[in-house]
Amino acid sequence: MATEQDSSYAQGFGQVSRTAGLIFRYLLLAATMFGIVTLAVLLVYVANDAIQPLTADAGWHLTFFLTLVLPTILVGGALYRRNREALKLGGMVVGALLVSLMFSGGVAIVFIDIIPPLTGFSYAVGLVVAVAGTVLLTKYERQIPFTARVAATGLLFFLSLFGVPGYFHSIPELVQKAPVVPTDWIILTLVLGGVTALVVGQYIARVREDNKAGLAAGASALVLTALGAIVGPLVGIDANALVVVTAVSFVPTAAYAGGSVITREELKPGLVFAATVIVGALVGAVAVDALGFAGPQAWTDWQFLTSSHSGSAENAGLYPAIGGSILLMVTVAALSFPLGVGAAVYLEEYAPDNRFTRFIDVNISNLAGVPSVVYGLLGLGVFVTYLGQATGTVLIGGATLALLILPIVIISSREAIRSVPNDMRQASYGMGATRWQTVRNVVLPEAFPGILTGTILALGRAIGETAPLIMIGAPNVLFNLPTELSSKVSAMPLQVYAWSSLFASEDFYTKAVPAGVVVLLAVLLAMNSIAIVLRNKYESET
Amino acid sequence: MTRKTDDILSRRKFLIASGAAGLTGLAGCTENNSNSESEPTEASGGSGGSEDSGSGSGSGESATLSGDINIAGSSTVFPLATAMGERFKKEHSEVNINLQSTGSGGGFANYFCPGQTDFNNASRPIKGEEEQQCADNDVTPVELKVATDALTVIVNNDNDFIGEGLTVEQLKTIFSAEGKPTMWSDVNSEWPEEEIEIFGPTDASGTYDYFIEAIIGEEGPGHRQDYSATEQDRTIIQGVMGSEFAIGYMGFAYYSENTDAVQAVAVDNGDGYVEPSLDTALSGDYTPLSRPLFTYPAKGSLAKDHVAEFARYWMENSTSKKIVADEVGYVPLGEDEQQEMLDKLNSAIEEAN
């Protein structure tokens, strides 16, 4: 209508039609929507297959609607009108709880099933001793020459962790051979709870600007973790598992919520929102149990997450593949992070602008686009055929995937380093700092969130890769978690692929495959959400 | 400043730790009896082979079996090996069984003969050149028959023009590299003038090799190569499902999981049309496409207790109708055959040790 009017006005001046512009605009909209809607339909379809929400009793839906959905909408709506910041905090707390719960599952797999707690403990003790020694050495920073100090630190770590066979026992060895050792839950409380307590303590000390408060917070974090072990068996949950969940999920979430409220009083109502959601979910769960309403017959259930492959789709599970993916990601991160960040720092801060660096520049961008199957071939050729390693192990899989994401890590790290304002570097130089001091104290801390975000997104790509794993001969089916770098490994996407292709029955296709896809996507979303939160947080801070 | 907090906190941590340990007293601590178990996990650097051998023979018989068993090879035998592995794993939780589907030939050439795997599944006997490759790497395969399969030719459910079934001659015409008919009417003038869409396993597959041997003939022109080749049997089924004028072939087990999706073709070898089924394969009526399936353990690997035990377990259950026929869809071994295989296996194990 507007066009008509406009054109009648403009008649005396000749006519410019807006139709083409309008059509173009809506075509663009259609193009945008097409991909998103198609993907959304697919995801809903898969999720419906995996979770089957319609198989639940009507009472089940009603109960959760009354206890969870309705209060959430009411409280959320009220907050939305009055205090949006608080609502945001509430959402973050709930999100943090969900994501950290997933991570605590991963940590539990690693620290209970993959690494026996005693082994982990022995290495933790070894590390603590070495770190303590290093801290002591730094106190005499001025008396001891630099090279001697580095050598001494290196020697300290080496002796403490590995020892000298035959002459000098390493600390892990001594701990493992000790006649009396703490039980598993105490070990987990000390190691995981200790790390959490340190982080929480520092965080609270920083926001309260009070070291004593930090200490108290750290101590109570540790006590809470230990409480988990004592309470767990009483309510029928394994003590070790509850310790891990408390240390990795509950305590940090609580600390985050508490810390945010301390710094900004006015956000307190946000906690009400978080409490509504959490309590609503719990009350709903207890209520449906008490009232006897059956939940949906989801294929993505506890049994699916905790059992290994089976000949029948109903009993098949993803557990070894989940553990495999976690170990692969740890290996990939350990390999690609230092290499990628190192390369990025060199290229951005040190490299002269000549033909050689421009050549490297172009090639890194090209490498980022090389298909993953080519990296698989590279892994097969270099690691298996040339170096003679066994096929399909954690180390080879991790190394191949690390090569795959290395260019991406380099590019995103360079991006982050480049975004550090040049003024800051100049200021640092102006104060007499050397280039190394500038990089270490100014550039890296400033660029770190960006680097971390890029790395997490790159890991998200690696966790979904299938082709390189097939190329290096990772097994299609295995029944145990990989426990060492040299054990065979499967991964979530590979397991889903094996189910969809090797097990031709309709059962696997409609049950195990969607369930696997949902788990894979949930993990991916959790990883990406961390990256996004990190990015937003640091973007708003600077 | 942060370092300072660290310091205090870790000291505090130790205080609390010792306090907690004191509170729980002896209840919180256990006698360290895990030395023997945790040691091998620790000591394991790169060589997985050396630690495997020791752990089994140390104490007791079957309870302490541990180590890796790597299996590759035929996609036809893969479901059977998986079913056996799943059951074996329930009894010996410390044994890691890793299964891969690579095709019989792919498994021999890339995994088994280079010494990467302990077992290679095959849907045809090992070839001379493969034996040579194995011998060059000091790998001695031990041939064990595990089941009988009815290699199944499938067509689309809507296909009614082929009538009762196909003769061996017609199959040969369709699949051989000689002639390569593009239209169904080229095979039989009464059939529609539509393009034949052919799906089948790749040349890494034992199913492919066996099909050549049984239908086209070893000395013949060979298998035509202008077809959709895949190592994933599901893709073959989907391909045939998708087109009325498609044809393909695969192991019976995959067909038996998808009897609604596609129809099996009865094959006439001169004595009338015979449907592929467990019964006709067992009775020997389904010729020439019923075939033996094998697994080849490496003799060197049989020296390891957990590998030998798994091979024995497989052979002992090879007559099980429940696993082999009902769950997987192949014909189990007879008692005599089983005894023969067990004897062969046991003497190989003895030689290996």
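**Reading strands, domains and cores**

Guide: Let us start with strand pairing. In this predicted model, strand 8 (residues 197-200) of chain B runs parallel to strand 10 of chain B, and three bridges join the two. Within this pair, B:Glu197 stands opposite B:Ala246 of strand 10.

Visitor: In which sense do strand 6 and strand 10 of chain B pair, parallel or antiparallel?

Guide: Strand 6 (residues 152-156) of chain B pairs with strand 10 of chain B in the antiparallel sense, over four bridges. There, B:Ile154 has B:Gly248 as its bridge partner.

Visitor: How should I read the side chains of a strand, and which residues of strand 10 of chain B point which way?

Guide: In a regular strand, side chains alternate between the two faces of the sheet. In strand 10 of chain B, B:Ala246, B:Gly248 and B:Met250 point one way, whereas B:Ile247 and B:Tyr249 point the other way. Five of the five residues of this strand, 246-250, are buried.

Visitor: Let us turn to domains. Into which domains is chain B divided?

Guide: Domain 1 of chain B comprises 64-148 + 292-352, and domain 2 comprises 152-288. Their contact takes 19 residues from domain 1 and 17 residues from domain 2. On the domain 1 side, helix 5 (104-112) and helix 14 (321-328) of chain B each supply at least two residues. The largest share of that side, three residues, comes from helix 5. By class, the side of domain 1 that touches domain 2 has six nonpolar, twelve polar and one charged residues. The centres of the two domains, taken over C-alpha atoms, are separated by 28 Å.

Visitor: How many residues has the largest nonpolar core, and which residues have the most contacts inside it?

Guide: The largest nonpolar core has 201 residues, and A:Ile405 and B:Leu80 have the most contacts inside it. Helix 16 of chain A gives the largest share of this core, 16 residues. Apart from this core lies another, of twelve residues, including A:Val75, A:Val94, A:Phe273 and A:Val277.

Visitor: Which residues does A:Ile405 touch, not counting residues up to four places away in sequence?

Guide: With those neighbours left out, A:Ile405 touches A:Val332, A:Ser336, A:Ala458, A:Leu459, A:Arg461 and A:Ala462.

Visitor: Where in chain A is confidence lowest, and where is it highest?

Guide: Confidence in chain A is lowest in helix 1 (residues 2-9), at a mean of 53, and highest in helix 16 (residues 394-418), at 94. For chain A the mean pLDDT is 87, with 96% of its residues at 70 or more.

Terms used:
Residues are numbered from 1 along each chain as its sequence is written. Chains are lettered from A and ligands numbered from 1 in the order in which they are written. This is a predicted model: local features need pLDDT of at least 70, side-chain atom pairs count only at pLDDT 80 or more; totals for chains, interfaces and linings use all residues. Domain bounds come from an automatic or database domain assignment. Two residues are in contact if their C-beta atoms, placed from the backbone, lie within 7 Å. Ala, Val, Leu, Ile, Met, Phe, Trp, Tyr, Cys and Pro count as nonpolar, Asp, Glu, Lys and Arg as charged, and the others, Gly among them, as polar. A residue is buried if 20 or more other C-beta atoms lie within 10 Å of its own, exposed if 12 or fewer, and partly exposed in between; C-beta atoms are placed from the backbone. Two strands pair if DSSP finds at least two bridges between them. pLDDT is the predictor's confidence in each residue, from 0 to 100. A nonpolar core is a set of buried Ala, Val, Leu, Ile, Met, Phe, Trp, Tyr and Cys residues joined through C-beta atoms within 7 Å.
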